[in-house]
Amino acid sequence: MKRNILAALAVVMTAVILATGALAVTRKKSKKKRMKEQTTAIASPTLRPGEALVDIKTSEGDIQVLLFGDTPQHRDNFLKLVSEGYYDGLLFHRVINEFMVQTGDPESRNAKAGKRLGAGGPDYTLPAEIVYPRHFHKRGALAAARQGDQVNPERRSSGSQFYIVTGKAYNDSTLAMMEKRMQQAQKQEIFDSLARENRDLIMELRRNRDQAGLSALQDSLVERTERMAAESPAVFTAEQRQAYATLGGSPHLDNQYTVFGEVVSGLDVLAKIEKAETNADDRPLNDIKIISAKVVKAPK
């Protein structure tokens with residue numbers, strides 16, 4: 001841990017804190033063993049206050065999604081776009097088996113075959129509403145796409161693009177390894193945040209060539225990192241473990257993207273879409289589109 005942190009501190013001391021670059025929803029390479037195809041619909045829910053239902057009619061069949069009440073800005077924006085017909089005619093422009101299917105790019109409407117898609121959207125983004133671990137990336141989760149942390153450290157969501165998780169199932173040993181990586185990433189994130197807070201002091205110590213001061217600061221940041229990580233360790237909840245071992249999902253995306261809903265019927269349709277043959281840009285060779293979307297139940 002300390003070796004990794006020392007390397008990170010060196011970068012902070014010698015360069016700008018944040019690098020630049022762009023990132024879409026990250027791709028996870030599928031492993032050898034494929035998840036058993038899930039075709040059973042989730043039981044129709046009893047809506048809680050603030051929740052809503054939307055029907056999405058696609059060229060492969062119908063999908064119904066529930067929008068959560070505790071991500072109100074994403075819910076209201078999605079309902080607004082659906083009511084305006086924004087999604088009607090848009091393609092599922094990015095489809096990756098055992099990962100996710102993505103849509104919502106307005107430039108995909110009537111797009112020519114082979115055109116690279118995924119950069120379109122309205123002239124706004126949404127503030128992150130990451131309610132974790134209550135909402136996580138199990139199969140059927142509805143989440144907002146976004147640019148990567150390097151150019152979007154606040155993790156603001158695309159104004160229109162969203163994805164539905166397909167993912168795969170994981171055994172206990174794999175989930176345990178994932179937890180270790182989560183904990184390492186948590187410590188790195190905490191350390192990077194502390195380093196940014198101390199940037200001016202770091203640069204002053206460097207200008208003065210105060211190696212003793214730098215070493216002392218380094219030890220202090222490492223100690224604080226370990227303490228803060230221990231106070232709130234990154235582990236899967238029992239619900240997550242159960243879902244990822246049976247239904248499946250994409251746990252490596254957890255706590256990074258806003259999950260604002262879930263599929264309540266149409267998992268069989270989702271299974272059809274994720275199996276589509278795609279080109280090098282993950283666009284289906286045969287267009288799969290949203291024919292129409294409509295609000296079934298508005299929030300109360």
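Two strands pair if DSSP finds at least two bridges between them. Strands (E, at least two residues) and helices (H or I, at least four) are DSSP runs, numbered from the N terminus. The model is predicted, so local features need pLDDT of at least 70 and side-chain atom pairs count only at pLDDT 80 or more, while totals for chains, interfaces and linings use all residues. Residues are numbered from 1 along each chain as its sequence is written, and side-chain values use heavy atoms, with hydrogens and water left out.

**View 1. Strand E9 and its paired strands.** Strand E6 (residues 141-144) runs antiparallel to E9, and three bridges join them. Within this pair, alanine 141 has glutamate 262 of E9 as its bridge partner. Strand E2 (residues 61-67) also pairs with E9 in the antiparallel sense, over four bridges. Leucine 67 stands opposite glycine 261 of E9.

View 2. Because six of the seven residues of E9 (residues 259-265) are buried, the strand is largely enclosed by the rest of the structure. Buried means under 20% relative accessible area (1.4 Å probe, protein chains only).

**View 3. Aspartate 254 and its polar contacts.** Aspartate 254 lies in the loop between helix H6 (238-246) and E9. The side chain of aspartate 254 makes a polar contact with that of glutamine 240, at 3.1 Å. A polar contact is a pair of N or O atoms within 3.5 Å; within protein, one must be able to donate a hydrogen and the other to accept it, and residues adjacent in sequence count only if both atoms are side-chain atoms. A polar atom of the aspartate 254 side chain also lies 2.8 Å from the backbone nitrogen of histidine 137.

Definitions and conventions
Buried means under 20% relative accessible area, exposed over 50%, partly exposed in between (1.4 Å probe, protein chains only).
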